[in-house]
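Student: I would like to learn how to read a protein model that I have not seen before. Could we go through it together, one feature at a time?

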Amino acid sequence: MLFDKDVFAAKLRARRAEMDMTQEELANRSGVAVAGIVNYESGGSGATLDTACKLAEALKCTPNDLIGWNC
């Protein structure tokens, strides 16, 4: 399976919206910089596994939910 940064970006934006959370709130809950979240949500780059796990924990989902893998 390949990591698709555009899928990650869309799923991250959608999950954050479902949680009614701002980028700043997600940054505070995850420990990831706001600039990083903006970059991930725009598809500028993909996240490391560690970062995906931090974001998933803050968003109460699994990293697979954000990556789009059905493992």
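Predicted model: local features only at pLDDT ≥ 70, side-chain atom pairs only at ≥ 80, totals over all residues.

Student: How many helices and strands does the protein chain have?

Tutor: Helices (H or I, at least four residues) and strands (E, at least two) are DSSP runs, numbered from the N terminus. Here the protein chain has 5 helices and 0 strands, and the order from the N terminus is α-α-α-α-α.

Student: What does the radius of gyration say about the protein chain?

Tutor: The radius is taken over C-alpha atoms, and the globule rule is 2.2 Å times the number of residues to the power 0.38. For 71 residues a compact globule would have a radius near 11 Å, and the protein chain agrees, with 11 Å. Its C-alpha trace spans about 30 × 25 × 20 Å along the principal axes.

Student: Which residues of helix α4 are buried?

Tutor: Buried means under 20% relative accessible area, exposed over 50%, and partly exposed in between (1.4 Å probe, protein chains only). In α4, which covers residues 49–58, the buried residues are T51, A52, L55, A56 and A58. They lie on the same side of α4, because they cover an arc of only 165 degrees around the axis, the arc being that of the directions from the helix axis to the C-beta atoms. On the other side of α4, L49 and E57 are exposed.

Student: Why can residues that are three or four places apart point the same way?

Tutor: An α-helix has 3.6 residues a turn, so residues at that spacing point the same way.

Student: What do the buried residues of α4 pack against?

Tutor: Contact means heavy atoms within 4.5 Å. The buried residues of α4 pack against α1 (5–18), α2 (23–30), α3 (34–41) and α5 (63–67).

Student: Where does C61 lie, and is C61 buried or exposed?

Tutor: C61 sits in the loop between α4 and α5, and C61 is buried, with a relative accessible area of 17%. Leaving aside residues up to four places away in sequence, C61 touches R15, A56 and L66.

Key: Residues numbered from 1 in each chain as written. Heavy atoms only, no water.
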